[in-house]
Amino acid sequence: MVGESKATAYRRFQLLERRLQREPGLSAEYHKFMREYIELGHMRLANMISEDDMNCCYLPHHPVIKESSTTTKVRVVFDGSAKTSTGSSLNEALCVGPVVQDELIATILRMRTYPIALVGDIAKMYRQVLVHRDDTSLQRILWRFSTDEPIQVYELLTVTYGLAPSSFLATRTLLQLADDEGSRYPLGREALLKNFYVDDFIGGAQTIEE
């Protein structure tokens with residue numbers, strides 16, 4: 001158990017709402033981000049039967065703004081390091097997991113051995129990985145689209161930005177895909193095992209056809 005967390009999440013949400021009211025542009029982007037989360041099935045309204053269950057954890061959230069981004073300039077990050085009533089956080093209770101990919105320098109050097117270089121990334125990588133339904137109550141958030149509405153409790157259903165094991169869970173999933181599907185897609189298997197650094201593909205081939 002990590003302690004009671006809803007009160008802190010509620011205070012942080014009030015501060016967030018006041019900021020969004022002061023900054024209409026940020027508010028529009030934040031709402032767009034959260035609406036997409038729901039539409040893609042990455043979060044859903046929580047089953048409040050277990051509202052008082054101490055196994056629940058409420059995560060404060062806030063915007064991270066990246067003006068240089070060509071896609072998502074505002075990203076919502078969920079704060080797994082927020083302290084609960086016990087003085088500890090969810091992140092302190094979670095195992096981080098080992099690094100399961102090669103170091104970046106090794107991946108870049110390998111890419112330079114190919115006559116033809118190719119780079120890309122996995123869109124919304126963390127959010128391609130579902131969290132087991134027994135654990136989604138640890139990823140609860142408070143949210144509403146208008147101050148005229150009641151505050152709702154949602155559960156995040158996928159691997160979440162801001163939690164300690166998220167990078168491991170996502171990269172370990174790539175290795176599992178290589179094992180599960182590698183016999184059908186040998187080039188894909190090779191790419192997953194040797195040419196990825198987190199969500200970035202950094203590789204190449206001997207020919208354009210390859």
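## Basis of the model

Helices (H or I, at least four residues) and strands (E, at least two) are DSSP runs, numbered from the N terminus. This is a predicted model, in which local features need pLDDT of at least 70, side-chain atom pairs count only at pLDDT 80 or more, and totals for chains, interfaces and linings use all residues. Residues are numbered from 1 along each chain as its sequence is written, and side-chain values use heavy atoms, without hydrogens and water.

## Overall layout

The protein has six helices and eight strands. Along the sequence they follow the pattern α-α-β-β-β-α-α-β-β-β-α-α-β-β. The C-alpha trace spans about 60 × 40 × 30 Å along its principal axes.

Of the 210 residues, 38% are buried (under 20% relative accessible area, with a 1.4 Å probe and protein chains only).

## A helix pair

Two packed helices are described by the angle between their axes and the distance between the axes. Helix α5 covers residues 166-181, and helix α6 covers residues 186-194. Their axes come within 9 Å and cross at roughly 155°. That makes α5 roughly antiparallel to α6 (an angle over 145 degrees).

Tyr 197 sits in strand β7 (residues 196-197).

Leu 104, Ile 108 and Tyr 197 make a nonpolar surface patch of about 210 Å². Nonpolar side chains are joined within 5 Å. Accessible areas come from the Shrake-Rupley method with a 1.4 Å probe.

How values were computed. Patch = residues over 30% accessible without salt bridge, like charges linked within 9 Å, V, L, I, M, F, W, Y side chains within 5 Å. Salt bridge = Lys/Arg side-chain N within 4 Å of Asp/Glu carboxyl O. Axes fitted to C-alpha atoms, helices over the stretch in contact; angles between N-to-C directions. Parallel < 35°, antiparallel > 145°, perpendicular 65-115°, else oblique. Buried < 20%, exposed > 50% of the residue type's maximum accessible area, 1.4 Å probe, protein only.
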